[in-house]
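Subject: Structure handover

Hello,

Here is the structure you will be taking over. Please open it first; my notes on what was found follow below.

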Protein chains: 2
Amino acid sequence: MSKSIFYHAGCPVCVSAEHDIIELIGKENVDIVHFGEDASRIPEAEKAGVKSVPALVTPTGNVLHINFGASMADVKG
Amino acid sequence: MSKSIFYHAGCPVCVSAEHDIIELIGKENVDIVHFGEDASRIPEAEKAGVKSVPALVTPTGNVLHINFGASMADVKG
């Protein structure tokens, strides 16, 4: 199984959700992408259907928007 | 580790998220509660902080609101 990807932007809601996701599915099963550190990944996330962060894209390509930290517009702004 | 609890209300968004969560964390690690089948669990979910469904309450008590299917007001209505 390929990994899930967790996209976030360093907001408090994001960091909290990151801890929960790592706890639930295991650190080895998820790649963490922080837009504040790598904004070049934003287009890829949008293409996957990410509309807000934090969000988890599953190995099957489904997007789970978790709680609400920031919209993609905020992330880019 | 105790189980997570996944609360939902049978909406399409809920059912899709349920599949994803089971796939990600394993069926044996999550209890599924369907309000349409057991409305008596609604107060417990609200007490845990669930504001919309589908939502996952982690073993540590954090609430992850996943995408957006329906508000708790809709569920009770």
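In these notes, two residues are in contact when heavy atoms of theirs lie within 4.5 Å. Please keep in mind throughout that this is a predicted model.

**The core**

Leaving out neighbours within four places in sequence, A:Leu56 is in contact with A:Ser4, A:Ile5, A:Phe6, A:Ile21, A:Ile25, A:Val30, A:Asn62, A:Val63, A:Leu64 and A:Ile66, and also with B:Leu24 from the other chain. A:Leu56 also belongs to the largest nonpolar core, which has 18 residues. Within that core, the residues with the most contacts are A:Ile25, A:Leu56, B:Ile25 and B:Leu56. Two or more core residues come from each of these elements: helix H1 (12-25) and strand S4 (63-71) of chain A, and helix H1 (12-25) and strand S4 (63-71) of chain B. As a general background, nonpolar side chains in soluble globular proteins tend to be buried together.

**Where the chains meet**

Chain A and chain B bury about 1,300 Å² between them, and 60% of this is on carbon and sulfur atoms. Each chain brings 17 residues to the contact: 17 from chain B and 17 from chain A. Six residue pairs, both residues at pLDDT 80 or more, are in polar contact between chain B and chain A. On the side of chain B that touches chain A, H1 and S4 of chain B each supply at least two residues. H1(B) gives the largest share of that side, six residues. By type, the residues on this side of chain B are nine nonpolar, seven polar and one charged.

**Salt bridges**

How many salt bridges are there between chain B and chain A? The count between them is zero. Over all chains, the structure holds six salt bridges. In general, side chains of opposite charge can pair when their charged atoms come close.

In chain A, A:Arg41 forms a salt bridge with A:Glu44, with 2.7 Å between the closest N and O atoms. A:Arg41 has a relative accessible area of 26% and is therefore partly exposed. A:Glu44 is also partly exposed, at 32%.

In chain B, the side chains of B:Arg41 and B:Glu44 meet in a salt bridge, at 2.7 Å from N to O. B:Arg41 counts as partly exposed at 26% relative accessibility, and B:Glu44 counts as partly exposed at 31%.

Another salt bridge in chain B joins B:Lys76 and B:Glu46, whose closest N and O atoms are 2.8 Å apart. This pair links distant parts of the chain, 30 residues apart: B:Lys76 is in helix H3 (residues 72-76) and B:Glu46 is in helix H2 (residues 42-48), both of chain B. B:Glu46 is partly exposed, at 34% relative accessibility.

Is A:Phe35 buried or exposed? Its relative accessibility is 4%, so A:Phe35 counts as buried, the cut-off for buried being under 20%. A:Phe35 is found in the loop between strand S2 (30-34) and helix H2 (42-48) of chain A. Apart from neighbours within four places in sequence, A:Phe35 is in contact with A:Tyr7, A:His8, A:Ala9, A:Arg41, A:Ile42, A:Ala45, A:Val53, A:Met72 and A:Val75. A:Arg41 in this list is the residue that pairs with A:Glu44. A:Tyr7 is 28 residues away from A:Phe35 along the chain, and the C-alpha atoms of the two are separated by 7.3 Å.

B:Ser52 is in strand S3 (residues 52-57) of chain B. With a relative accessible area of 7%, B:Ser52 is buried. Residues up to four places away in sequence aside, B:Ser52 touches B:His65, B:Phe68, B:Ala70, B:Ser71 and B:Met72.

**Backbone points to check**

Most residues other than glycine have a negative phi, and most peptide bonds are trans. The following are exceptions.

- A:Val53 and A:Pro54 are joined by a cis peptide bond, with omega about -5°; A:Pro54 is in strand S3 (residues 52-57) of chain A.
- B:Val53 and B:Pro54 are joined by a cis peptide bond, with omega about 0°; B:Pro54 lies in strand S3 of chain B.
- A:Asn67, not a glycine, has a positive phi of about 50°. A:Asn67 is in strand S4 of chain A and is partly exposed, at 24%.
- B:Asn67, not a glycine, has a positive phi of about 45°. B:Asn67 is in strand S4 of chain B and counts as partly exposed, at 24%.

Regards

Definitions and conventions
Residues numbered from 1 in each chain as written. Chains lettered and ligands numbered in written order. Predicted model: local features only at pLDDT ≥ 70, side-chain atom pairs only at ≥ 80, totals over all residues. Heavy atoms only, no water. Core = buried A, V, L, I, M, F, W, Y, C linked by side-chain atoms within 4.5 Å. Buried < 20%, exposed > 50% of the residue type's maximum accessible area, 1.4 Å probe, protein only. Helix = DSSP H or I, 4+ residues; strand = E, 2+ residues; numbered from the N terminus. Buried area = accessible area lost by both parts, 1.4 Å probe. Salt bridge = Lys/Arg side-chain N within 4 Å of Asp/Glu carboxyl O. Polar contact = N/O pair within 3.5 Å; in protein donor to acceptor, adjacent residues only side chain to side chain. Nonpolar A, V, L, I, M, F, W, Y, C, P; charged D, E, K, R; others polar.
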